[in-house]
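Let's take a friendly look at how the inside of a protein is put together. Keep the picture at hand as you read.

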Amino acid sequence: DHHVYDVLPVHGCGVVRDQIGYLFIGPHQSGKTTIGQLSGAPVLHDDQMLLTLEGDTLTMDSPPLPARDNLRQRLEAPCVLERMFLAVKDEQFSVRQLGPEHTLACLYNDVVMPHTLLSDDAKAARMRKAQLCFELQRAVPVFELHFDRQGRFWEQLNTMKWPASMHEKMIDTS
């Protein structure tokens with residue numbers, strides 16, 4: 001059962017490094033822009049991303065909005081998103097795959113659905129948003145990233161063995 005969804009605005013920072021799409025989500029001041037600056041790679045946008053889920057493929061693109069620190073680059077075509085991270089500032093690097101419940105809570109907080117604010121049927125709108133978050137969580141693995149401000153974590157992210165599918169679990173590095 002494949003669905004084509006409209007574009008979903010997400011509060012996050014999108015980076016394309018070595019042809020891999022990374023999305024960093026988290027609350028205001030969690031370090032998303034810092035991660036983008038430390039990447040040494042194209043930052044699609046440091047605050048807002050557009051996600052499109054078509055079948056089993058999740059892509060991200062930069063919105064036509066100004067970026068907070070002017071970190072914004074348009075691609076010729078949307079980038080396939082392979083991994084999402086909840087950003088957590090820390091002194092020590094660690095990555096752990098989030099379980100479905102924690103993932104859904106994080107996505108629900110960061111997916112921006114204007115119709116949930118404008119709908120006459122708020123309950124139905126919240127249910128639709130939750131359903132879309134569930135679809136996102138099934139499409140791409142979500143990890144909690146504890147990162148250092150020196151940017152050393154990028155080398156570690158590049159050399160890690162990632163799950164081949166959503167059903168395979170990753171080794172916890174904490």
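## What a core is

A nonpolar core is a set of buried Ala, Val, Leu, Ile, Met, Phe, Trp, Tyr and Cys residues that are joined through side-chain atoms within 4.5 Å. In soluble globular proteins, nonpolar side chains tend to be buried together. The model you see here is predicted.

## The largest core

The largest nonpolar core holds 24 residues, and those with the most contacts inside it are Leu23, Leu51, Leu58, Met60, Leu81 and Met84. At least two residues of this core come from each of β1 (8-17), β2 (20-25), β4 (48-54), β5 (57-61), β6 (79-89), α2 (100-110) and α4 (122-139).

Leaving aside residues up to four places away in sequence, Leu23 touches several others, including Val10, Cys13, Met49, Leu51, Met60, Leu81 and Phe85. There is also a second, separate core of 21 residues, and Val15, Tyr22, Trp154 and Trp162 are among them.

## Two helices that cross

Two packed helices are described by the angle between their axes and the distance between the axes. How do α2 and α4 pack? Their angle is about 120 degrees, and their axes lie 9 Å apart. Angles from 65 to 115 degrees count as roughly perpendicular and those over 145 as roughly antiparallel, so α2 and α4 are oblique to each other. The crossing of α2 and α4 is right-handed.

On the α2 side, the contact is made by Pro100, Thr103, Leu104, Leu107 and Tyr108, while α4 brings Arg126, Lys129, Ala130, Cys133, Phe134, Leu136 and Gln137. Of the residues in this contact between α2 and α4, eight are nonpolar, two polar and two charged.

Conventions:
Residues are numbered from 1 along each chain as its sequence is written. This is a predicted model: local features need pLDDT of at least 70, side-chain atom pairs count only at pLDDT 80 or more; totals for chains, interfaces and linings use all residues. Side-chain values use heavy atoms; hydrogens and water are left out. Buried means under 20% relative accessible area, exposed over 50%, partly exposed in between (1.4 Å probe, protein chains only). Helices (H or I, at least four residues) and strands (E, at least two) are DSSP runs, numbered from the N terminus. Contact means heavy atoms within 4.5 Å. Axes are lines fitted to C-alpha atoms, for helices over the stretch in contact, and angles run from 0 to 180 degrees between N-to-C directions. Angles under 35 degrees count as roughly parallel, over 145 as roughly antiparallel, 65 to 115 as roughly perpendicular and the rest as oblique. A crossing is left-handed if the near helix is turned anticlockwise from the far one by less than a right angle, and right-handed if clockwise. Ala, Val, Leu, Ile, Met, Phe, Trp, Tyr, Cys and Pro count as nonpolar, Asp, Glu, Lys and Arg as charged, and the others, Gly among them, as polar.
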